[in-house]
Amino acid sequence: MLKSNFPLTTDFGLIRFARQSDAERILEMAGKLADHHGDTPTLTVDDLIRDISGENPWLYVLVAQTDGELVGYAALCRLTRLQFGLRGVDIHHLFTEASLRRKGVGHSLVDACKITARALSCSYMTVGTHPDNHKAQTFYEKLGFERRDAHPPRFAIRL
């Protein structure tokens, strides 16, 4: 049911749900994102396959593909506001290869995250940024996310 909305055709290629066969490339991109933030990645291919597989995956990972090559990804984690009966998702990771930034890949991945969230009956989506990442903060605000009073910066959008 959930995966019937994908793949999505975009100006740069397509967006689809990650497959087990994508794990090594996603791992490579996640490593680049970790390096950017000064983290030492310990994620393994087996960890990733475990978390994106099965009937009820732990993570929903969407990948952006251009000419058959993965050039970006978004990873969604489930959230809840139990006292209100609300479901949500957090964009835990959003990554686009440097050569394709500012070409609509990130925007398309966020749009695909919204589609996924709605398919999961979510009413909101959140994302966080590094305090010094003003480009990302501006990016999310331009997409309609509202800044929350938090440190590090957090943003939310109603769906």
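The following dialogue explains how several terms apply to this predicted model.

Author: The model is predicted, with local features requiring pLDDT of at least 70 and side-chain atom pairs pLDDT 80 or more, whereas totals for chains, interfaces and linings use all residues. Residues are numbered from 1 along each chain as its sequence is written, and side-chain values use heavy atoms, leaving out hydrogens and water.

Reader: Why is Glu-97 called buried?

Author: Buried means under 20% relative accessible area, exposed means over 50%, and partly exposed lies in between, with a 1.4 Å probe and protein chains only. Glu-97 has a relative accessible area of 12%, and is therefore buried. Glu-97 is placed in the loop between β5 (86-96) and α3 (105-119); helices (H or I, at least four residues) and strands (E, at least two) are DSSP runs, numbered from the N terminus.

Reader: What makes the link between the side chains of Glu-97 and Arg-25 a polar contact?

Author: A polar contact is a pair of N or O atoms within 3.5 Å; within protein, one must be able to donate a hydrogen and the other to accept it, and residues adjacent in sequence count only if both atoms are side-chain atoms. The side chains of Glu-97 and Arg-25 are joined at 2.7 Å. Thr-66 is in strand β3 (residues 59-66) and counts as buried at 16% relative accessibility.

Reader: Why is the pair of Phe-6 and Phe-17 called edge-to-face?

Author: Rings of Phe, Tyr and Trp (its six-membered ring) pair if their centres lie within 6.5 Å; planes under 30 degrees apart count as stacked, over 60 as edge-to-face and the rest as tilted. The structure holds six aromatic pairs. In one of them, the centres of Phe-6 and Phe-17 are 4.8 Å apart and the planes stand at 80°, so the pair is edge-to-face. Phe-6 lies in the segment before β1 (8-9) and Phe-17 in strand β2 (residues 14-17), so the pair ties together parts 11 residues apart in sequence.

Reader: How do you know whether Phe-139 is buried, exposed or partly exposed?

Author: Phe-139 has 26% relative accessibility and therefore counts as partly exposed. Tyr-140, by contrast, has 6% and is buried. Ring pairs link Phe-139, Tyr-140, Phe-145 and Phe-155 into a cluster.

Reader: What makes α1 and α2 roughly perpendicular?

Author: Axes are lines fitted to C-alpha atoms, for helices over the stretch in contact, and angles run from 0 to 180 degrees between N-to-C directions. Angles under 35 degrees count as roughly parallel, over 145 as roughly antiparallel, 65 to 115 as roughly perpendicular and the rest as oblique. The axes of helix α1 (residues 23-36) and helix α2 (residues 45-52) come within 9 Å and cross at roughly 110°. The two helices, α1 and α2, are therefore roughly perpendicular to each other.

Reader: Where does Arg-102 lie, and why is Arg-102 called exposed?

Author: Arg-102 is found in the loop between β5 and α3. Its relative accessible area is 80%, so Arg-102 is exposed. Phi of Arg-102 is near 70°, a positive value in a residue other than glycine. Most residues other than glycine have a negative phi, and most peptide bonds are trans. A cis peptide bond, with omega about 0°, joins His-151 and Pro-152.
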